[in-house]
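Please find below a colleague's notes on the model, arranged as numbered points. They are meant to be read with the sequence and the structure open alongside.

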Amino acid sequence: GRISGQVLDDGGQALPGVSVEAKNRGTGLSLNQVTDTRGLYRIVNVPVGAYDLKAQLSGFQAQSRQNVTVTLGGAVSIDFKMGLASVAEAVTVTAEIPTVETTQTSSQATVDNNAIKSLPISGRNFTDFVYLTPNAVKSDSRGYVSIAGARGINSSITLDGVDFNNAFFGGATGQAEGRSARQVSQESVQEFQVIQNGASVEFGRSGGGFINVVTKSGTNDFHGSGFFYTRPQSLVANFANGAEPRDQKTNQYGASVGGRFIPDRLFFFASGEIQRQSTTQSVDSRLTAAGDPELAAKYPRFISEPLYSYTQDDEILFGRFDFQVNDHHRVTLRDNYLNYNGISATRVGSQFSSTYNGIEKDKSNAVVLQWKGSFGINHQNDLNLQYVKEDQPRADASPDLTEIQYVGSTRLGGVAFLPIEAEQDRKTISDSLTFLTGAHAAKLGFEYNTTNMNQIFKGNWRGIFVFNGTDAERRTKLLAGNWDSYRQFLGLSGRTADEAGRFDK
């Protein structure tokens, strides 16, 4: 965020040369600026948090404004009026005076830490809070966040100002095309900003909206949290029509701790979160032995269990260190680690046989090193280095069964496109330099962002048998073995299916 304003004397004339200090109440960080000939000051690159402001000029009463909150991406305007001082005295404003943003042109909304801590949420996925902001919905495709009518794949997520998107599949790093439950622990999120349109040009590379997230850091005060959430089946209500919900078991637990190693200089924050979730899924009776004994006798290996369980288990670890070398230079090192495991989580629904499934995994690790420096009062520099490693192996639950497209939208056998191997690593270097000159602020920067992807995707490599007609006709054809069409992925020019389905760039 940033803080700006104007300093005037009692007669309404601009006061140049006034020293304005913003001091963070949690970390002791002191940011300073001096008013120009028009009495204007601007403090940029202000970390989110609460600040005490003080304006001082020899011969004038010092003015203070306490507990000014700076939100992510916010532009707070604070003006001062200073009178002549016949004796040493200062004026402190303690009443809560609303701060007004007068320089923002984007359409945006901010969800602060009070909302994240206090509002109820199912699943502890912080991105669900995005849907509290205007024009934000969950996309039907892959469950990505759609902002202002754009496709979910076009939304962009940054974490502490660094790109946090999966460059190959879209969505957030670790989202696994909507299969993974969470990517970042809610315990580690300080606040976030949702920009619908009019975003600064520095965001770039997106045709949709932006979700700008900042993580928690330590302060001079030690603080922590611990939690355990459980959702017993006995407390889950029936549906409106009286039907009972699916059996499920969900436990989530974790903790966080933050504080200082050196007061006003070196801080730490760490969090860990674990989810264990299992849900029972019923299967269309036409795919089971009880529902179709003749089908079970003809194809016993393809018949489905009437019920099966699928899991969404994960562990998320987060660590961050902040070193305030001095009031002009700050260094941050953070790491976000996710390990997701979903058994029978590839195809979930009553129309799928229990054999028609896979084992989903996603392991991602995102390490970021940042340096923020100021040179004088008119030059600011931001350097970001990032390395992301993400693996998404997708194993097959029934590797020796082909796929059968049966009555309606039901499926028998195994998933034709599994297994899949996908490994991705990403390197990012970005730097921006901000110049404050007169009434203008200019930013110049560059970004080098490269992603290497190694994936084997073979499509229908084990083949798909397709039966056409009415449901009764399809059943008759399946029992007789009379399929209408068959599709299979083959490697050409002497290639194997793995060789033909490999992407390595």
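**Notes on the predicted model**

1. Strands β23 (358-375) and β24 (residues 379-391) pair in the antiparallel sense over 13 bridges, where helices (H or I, at least four residues) and strands (E, at least two) are DSSP runs numbered from the N terminus, and where two strands pair if DSSP finds at least two bridges between them. Within this pairing, Gln370 has Asn384 of β24 as its bridge partner. The hairpin of β23 and β24 has 3 residues between the strands, and Gly376 in this hairpin takes a positive phi near 75 degrees. Strand β24 is also joined to β28 by 13 bridges, again running antiparallel, and here the bridge partner of Asp391 is Glu423 in β28.

2. A word on the basis of these notes: this is a predicted model, in which local features need pLDDT of at least 70 and side-chain atom pairs count only at pLDDT 80 or more, while totals for chains, interfaces and linings use all residues. Residues are numbered from 1 along each chain as its sequence is written, and side-chain values use heavy atoms, with hydrogens and water left out.

3. An open sheet of 4 strands runs in the order β27-β26-β30-β31, with mixed pairing. Its edge strands are β27 (411-413) and β31 (485-487), each of which pairs on one side only. Neighbouring strands of this sheet are turned by 20 degrees against each other on average, direction ignored; the axes are lines fitted to C-alpha atoms, for helices over the stretch in contact, and angles run from 0 to 180 degrees between N-to-C directions. Strand β26 (residues 403-405) and β27 pair in the antiparallel sense over 3 bridges, and Glu403 stands opposite Gly413 in β27.

4. Which residues of helix α3 (residues 471-480) are buried? They are Arg474, Leu478 and Leu479, buried meaning under 20% relative accessible area, exposed over 50%, and partly exposed in between (1.4 Å probe, protein chains only). Seen down the axis of α3, these buried residues fall within an arc of 130 degrees, so they line one face of the helix; the arc is that of the directions from the helix axis to the C-beta atoms. On the other side of α3, Ala472 and Thr476 are exposed.

5. A search of the whole structure finds 25 salt bridges, a salt bridge being a side-chain nitrogen of Lys or Arg within 4 Å of a carboxyl oxygen of Asp or Glu. One of them joins the side chains of Asp160 and Arg334 at 2.7 Å, N to O. This pair links distant parts of the chain, with Asp160 in the loop between β13 (156-159) and β14, and Arg334 in strand β22 (residues 329-343), 174 residues apart. Asp160 counts as buried because its relative accessibility is 11%, and Arg334 is likewise buried, with a relative accessible area of 2%.

6. Asp396 forms a salt bridge with Arg462, the closest N and O atoms being 2.4 Å apart. Here too distant parts of the chain are linked, since Asp396 lies in strand β25 (residues 394-396) and Arg462 in the loop between β29 and β30 (464-466), 66 residues apart. Asp396 counts as buried at 13% relative accessibility, and Arg462 counts as buried at 11%. Asp322 forms a salt bridge with Arg320, with 2.8 Å between the closest N and O atoms, and both of these residues are buried.

7. Some backbone details deserve a look. The peptide bond from Leu418 to Pro419 is cis, with omega near 0 degrees, and Pro419 is found in the loop between β27 and β28 (421-437). Asn135 has a positive phi of about 60 degrees although it is not a glycine; Asn135 is found in the loop between α1 (113-118) and β11 (136-138), and at 52% relative accessibility it counts as exposed. Glu177, another residue other than glycine with a positive phi, has a value near 55 degrees. Glu177 is found in the loop between β14 (162-163) and β15 (189-197), and counts as buried at 18% relative accessibility.
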